[in-house]
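Welcome! Please have the sequence and the 3D view open as you go.

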Amino acid sequence: MVESFDADGIACHVLVDGGRTVSPRFVFRGYDDAVQGPFVRPYLDADGKLEGRFAALLVDAPDGFVLVDAGLGAYAGGLDGGHVHEELASLDVRPWDIRTVVITHGHADHVGGLLGPRKDPSFPDARHVIHRREADFWASDAAGELPDDAGDPAITALHALLEADLLDLIGDDLEVAKGVHAIEAPGHTPGHLAVVISGALLWAGDAVISPLNAPHPEWVSAADMDPTANEATRRALFARAADDRLVFAASHLPVAGTVERDGDAFAFAER
């Protein structure tokens, strides 16, 4: 069943694209069991791994559906993933019903579903928005040199969207639809975006990937391109959620919750 929220009158639906388990050494860069183990071990499964999910967000904005990210699509491979379109169908939302797509960043589990099997745009009537710094990075030589062809999903998707004249580059915080604001949240990737809906819900994308990031925002992940910037982003997002009493959710967090300030860090409580 799709998890839904009421963000001050705007319906929001978490679309679970799939899930996987990962080593705590991926979620927490430089993992030291002597230091972090007492906090992390209660979350580990029998194989010593952390459960995670891939998720997107559908926002039923007053001026049309907004989709935040699109899941793995054809890049799921052997993973349990690529289910965003099934989740949309369960809500009787068709691809051509989507009016705006916010691309938080260019990792495969966020852009893979932007294209169909023929590499054409999955959401042909939607305006797609991405931060200019993010698009510039994935178009750079550095992205093409990433190991395991990690840049291919973003490069392929952005090229197809540009060819179809469906891609808009943004440079600042922007209201992309009525009540839906894309905000700068760099660090995980250079132009990563978060989204605030109607001043009631904050979707953090991949800036936060574990509930333990609240009490320990300095525990950055192995996937964060700029750990220092991402820690600063995390602190800013948690502070905004705490001060403005926002529901807090993210692509890989297992649940949505609320945030409170706790000294120089934060406390996250399941909603």
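On a 1 Å grid over the protein atoms alone, a cavity is a set of points where a 1.4 Å probe fits but cannot get out, and a pocket is an open set with protein on both sides within 12 Å along at least five of seven lines; lining residues have an atom within 4 Å of a point. The model is predicted, so local features need pLDDT of at least 70 and side-chain atom pairs count only at pLDDT 80 or more, while totals for chains, interfaces and linings use all residues. Residues are numbered from 1 along each chain as its sequence is written, and side-chain values use heavy atoms, with hydrogens and water left out.

**Exercise 1. The cavity**

Find which residues line the largest cavity.

Solution. 
- Step 1: The lining is made of Ala74, Tyr75, Val111, Gly112, Leu115, Gly116, Lys119, Pro153, Thr156 and Ala157.
- Step 2: The volume of the largest cavity is about 60 Å³; a volume is the space filled by probe spheres set on the grid points, which are joined across faces, edges and corners.
- Step 3: Sort the lining by class, and you get 6 nonpolar, 3 polar and 1 charged. Here Ala, Val, Leu, Ile, Met, Phe, Trp, Tyr, Cys and Pro count as nonpolar, Asp, Glu, Lys and Arg as charged, and the others, Gly among them, as polar.
- Step 4: α7 gives the largest share of this lining, 3 residues. Helices (H or I, at least four residues) and strands (E, at least two) are DSSP runs, numbered from the N terminus.
- Step 5: Look again at Lys119, one of the lining residues. Lys119 sits in the loop between α4 and β6 (127-131), and its phi is near 65 degrees, a positive value in a residue other than glycine.
- Step 6: Lys119 is partly exposed because its relative accessible area is 43%. The classes are buried under 20%, exposed over 50% and partly exposed in between (1.4 Å probe, protein chains only).

**Exercise 2. The pocket**

Describe the largest pocket: how many residues line it, and which lie nearest its centre?

Solution. 
- Step 1: The lining has 36 residues, and Arg20, Phe26, Phe54, Asp109 and His252 lie nearest the centre.
- Step 2: Two or more lining residues come from each of β2 (10-22), α1 (24-27), β3 (50-61), α4 (108-111) and α7 (152-163).
- Step 3: β3 supplies the largest share, 5 residues.
- Step 4: The largest pocket holds about 960 Å³ of space, and its lining has 22 nonpolar, 6 polar and 8 charged residues.

**Exercise 3. The nonpolar core**

Work out which residues touch the most other members of the largest nonpolar core.

Solution. 
- Step 1: A nonpolar core is a set of buried Ala, Val, Leu, Ile, Met, Phe, Trp, Tyr and Cys residues joined through side-chain atoms within 4.5 Å.
- Step 2: The largest core has 30 residues, with Ile98 and Ile103 touching the most other members.
- Step 3: α7 contributes the largest share of this core, 5 residues.
- Step 4: Contact means heavy atoms within 4.5 Å. Leaving out residues up to four places away in sequence, Ile103 touches several residues, among them Asp69, Val111, His128, Leu161 and Leu193.
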